[in-house]
Each structure stands twice: as C-alpha cells, then as structure tokens.
Amino acid sequence: MLRLELVLALPLALLSSASVQGPTAPVPTQEAAHAATSASERIAARCQPVLDAIVERGVPGISVGLILPDGGELALTAGFAFKETEQKLTAADRLLLGSVGKTYVTAAIHHLVAAGKLSLDDYAADYLGEEEWFLEVPNATEITIRQLLRHQTGIPRYVFKTEFWESVLGEPDRTWEPAELLAYVLGDAPLFPAGEGWAYSDTNYIVLGMILERVAEQPFYDYVEEHLLKPHGLKDTVPSNSRKIPGLVQGYAVGPGSRGLGVPERMLVDGLFVFNPQFEWTGGGYACTPLDLARWAAILYTGEAFDAPYLETMLETVPAGQLGPGREYGLGVIVTPTDLGPLQGHDGFMPGYETAMGYLPEVGIAAAVQVNSDDGRAVGRPLPMLLVELATIATEELED
C-alpha cells in the first residue's frame, strides 16, 4: 500500500519544479502547474487551509487521515499537541478515540461468531446468568448479544451517573472492574422493553466485553491485538488502559459536556491522565493516530477485517435519531446519509478529545478526523460532516 504523508499546504512537486526554472524560463501556465502535481498533493493543498481555519477558530489541534481508492494515504495536521509549549501536532501523535473503540468490539464479536463460538442471538444470561448481580441488570433475562451491539437493550448509561464521576475524579489511580461499572445501573428501571426501542448506552458494551472475554478465554485487548490489529499492521493503535498512554497529546476539556462532569481543563499533568481512562474498556478504550484509524475504517467496512463474511450483518441498522437527523445504528456502526452516499463509521467523545471515522463506499474513501478539544462548536460543524467535506475535496481532485 502506497504511503504518502503530507503535512504542508504547498504542493511539493510545485516547489521542486520552481527550483529548476532558469531566470529566462517561461512561467508555467496554471494548467501545466496543475498537471505537474499529483492528485494527493492537490488534495493536501486544498484540505490544509480547511484545517488551518479550524485552528484559527479556537481548536488547539486537528489531525486527519485519508485513505484514497487506490490505497494512497494522506496525513494532515494543524495546530498544537500542547498549546502551552506551542509543540506542533504531528501525524505520529495519538489522540483518544472515545466510543470509536466500539468498532473493535463489534469486529471481535463477529470474529467469534465466524469461529462458531457464539451467536448474535444468544442471550447475555447464557454467559453471565450465574453472577449474583446479573438479575439486577435491567431486562437481564431478555437481552441478546445482537441487542447489546445495537443499543436495543434498554439498559441505562452508567457513565453519566454523578456518583460515578465523583469516584473517577476522587480516586484517579483506581482500576475499575466491569462489574463495578454495572453496579451503577443495577436495579434501575429499563428505558424500554428489550428489543423495542433504541438508546445509546456504553453499558451495553461493558456487558459485551464480559461475554467476549469468557468466550475467547483471553483479555479483550489481547484478542483484538492478535486477531484484528497485528494481522493488518495497525501499530499506532494502543489501549487506553492506564493513566500513562504512549504518544498521547494534551486534551482540552472545554466543552459543556466535560464542564458538567467536573473534570479539569487539561487532561494530562506531568504525562499522566488526570483520571484513569481504563474504566472505558470495551465502551471505547483506545488511542491512535488518525491515519491508523482511517486504515481501520477501510479494512472494517470493506469486509477485510478477517476472512469471513460479516459486513452485511453489521450494517443491519435501526433509526438512531438521537445521534442526528437520518442517522441509523447497526451492530457497532453509525450510518449517516451524505451527499457522497452513506458514511459507515462511528463518532467518539472523551473529555478533551473528539473523533469521527468512517468509510464512504460509493467513492471508496476512508477517513478519520480527531481534535484535542471536546468543544465541537469551535470546529464549526459536526466532525462527520467535516470528514465528508474533506472526502468531497479528495473526490473532486481524483476526478479532475
């Protein structure tokens, strides 16, 4: 696969061609200069000002990865990894993915299904029913793996419980067990009967993680590394399972969501996260570069994650209007209608960071956009729409 990394606004071929012109050489026409640059360079030249303008609006840093239909790769950045020292954000820097990590969970579950180790219509009780707390889970005996993946269980979110965040911030070194997370919703009334509604809930994916580890007989992160990341050379994707995450840039928690949780503005102090992001686990649980994430989107949504059919089932969606007009949710995937056709991917939030990734099958482009701020208002449009905007530029230049 061709790897082309561009982080400058000026086309490199244009610069080199200007350097060989003699003093009496004719000035090249606009058409000739355009033809002298590659499509990738032209895409970078048009996308870079878009990113620069977002930084000028107040976003500390933004990083983008694009995978083109021919396999070409582009990495673009703007702004700072650390505002305080004016350290520039680079394509090698990692940012937290938030809920985009759910895409690795659904791939791992489908991998186990392909291996004949579980069925999507198995009940959670088949695997967790003997736990003494299990019957206190809302809709405990009715929920299936398919419903967990598609957020149709009626189980509320643990992650927005006030008492949970009091513990997270008050005990920053605490390592959370999955059952301790579920404890925050035990005995709660279900949001709706299992299978009869839709409500996004990270709690669903904590339950999935517990099932996954029992079936696979190995830790979740090890399973994903062995079966999904390593086979595809995704070396820039790492677990966010401790307070020290290699290569992670500063995150700025300035959005209304984070302010409501009571977190400080800066997520890193002396290289350590201000709380232990390990609690996110199978609800998110990863940090990576946008280019590695765009590669993952291209792999996952072209059906190449592993050698068995899974994509058709994964893309069986239901309306998910809570996520935005026209959006639908499949088995760990958000499908968004766009002018370039459906965007298959996922969004993510973690205090200090926002992410969007996806694949546009009608134009063959995969992309990921990450910012080290959680105030989406400064971007000026939702990250998935920015992703589509950049993919539109790429499509135009490839057709030219």
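These legends walk through several close-up views of a predicted model.

Local features are described at pLDDT of at least 70 and side-chain atom pairs at pLDDT 80 or more, while totals for chains, interfaces and linings use all residues. Residues are numbered from 1 along each chain as its sequence is written, and side-chain values use heavy atoms, with hydrogens and water left out.

**View 1. Strand β1 and its two partners.** Welcome to β1, residues 61-67; strands here are DSSP runs of E with at least two residues, helices are runs of H or I with at least four, and both are numbered from the N terminus. All 7 of the 7 residues of β1 are buried, so the strand is largely enclosed by the rest of the structure. Buried means under 20% relative accessible area, exposed means over 50%, and partly exposed lies in between, using a 1.4 Å probe and protein chains only. One face of β1 carries Gly-61, Ser-63, Gly-65 and Ile-67, and the other carries Ile-62, Val-64 and Leu-66. Strands count as paired if DSSP finds at least two bridges between them. Strand β1 runs antiparallel to β2 (residues 73-82), joined by 7 bridges, and antiparallel to β14 (residues 365-371), joined by 6 bridges. Look for Gly-61 opposite Gly-79 in β2, Ser-63 with its bridge partner Thr-77, and Leu-66 opposite Ala-367 in β14.

**View 2. The hairpins on either side of β2.** Strand β2 has 8 of its 10 residues buried, so the rest of the structure largely encloses it. The hairpin of β1 and β2 has 5 residues between the strands, and Gly-71 takes a positive phi near 95° there. The hairpin of β2 and β3 has 4 residues between its strands, with a positive phi of about 55° at Glu-86 in the turn. Strand β3 (residues 87-88) is antiparallel to β2 and joined to it by 2 bridges; Phe-82 stands opposite Gln-87.

**View 3. A three-stranded open sheet.** Here 3 strands follow the order β4-β8-β5 with antiparallel pairing. The edges are β4 (95-96) and β5 (238-239), each of which pairs on one side only. Between β5 and β8 (residues 286-288) there are 2 bridges in the antiparallel sense, and Val-238 faces Ala-287 of β8.

**View 4. Thr-103 in helix α4.** Thr-103 sits in α4, which covers residues 102-114. Its relative accessibility is 0%, which means that Thr-103 counts as buried. A polar atom of the Thr-103 side chain lies 2.8 Å from the backbone oxygen of Val-100. Beyond its neighbours within four places in sequence, Thr-103 is in contact (heavy atoms within 4.5 Å) with Trp-296, Leu-300, Tyr-301, Gly-332, His-346 and Met-357. Among these, Trp-296 and Leu-300 are buried residues of helix α12. Helix α12 (residues 290-300) is mostly covered, with 11 of its 11 residues buried.

**View 5. Helices α3 and α14 packed across each other.** The axes of α3 (residues 39-56) and α14 (residues 383-399) come within 9 Å and cross at roughly 155°. That makes α3 roughly antiparallel to α14. Axes are lines fitted to C-alpha atoms, for helices over the stretch in contact, with angles from 0 to 180 degrees between N-to-C directions; angles over 145 count as roughly antiparallel, under 35 as roughly parallel, 65 to 115 as roughly perpendicular and the rest as oblique. Residues meeting across the pair include Ile-43, Cys-47 and Val-50 in α3 and Leu-386, Leu-390 and Ile-393 in α14.

How values were computed:
Polar contact = N/O pair within 3.5 Å; in protein donor to acceptor, adjacent residues only side chain to side chain.
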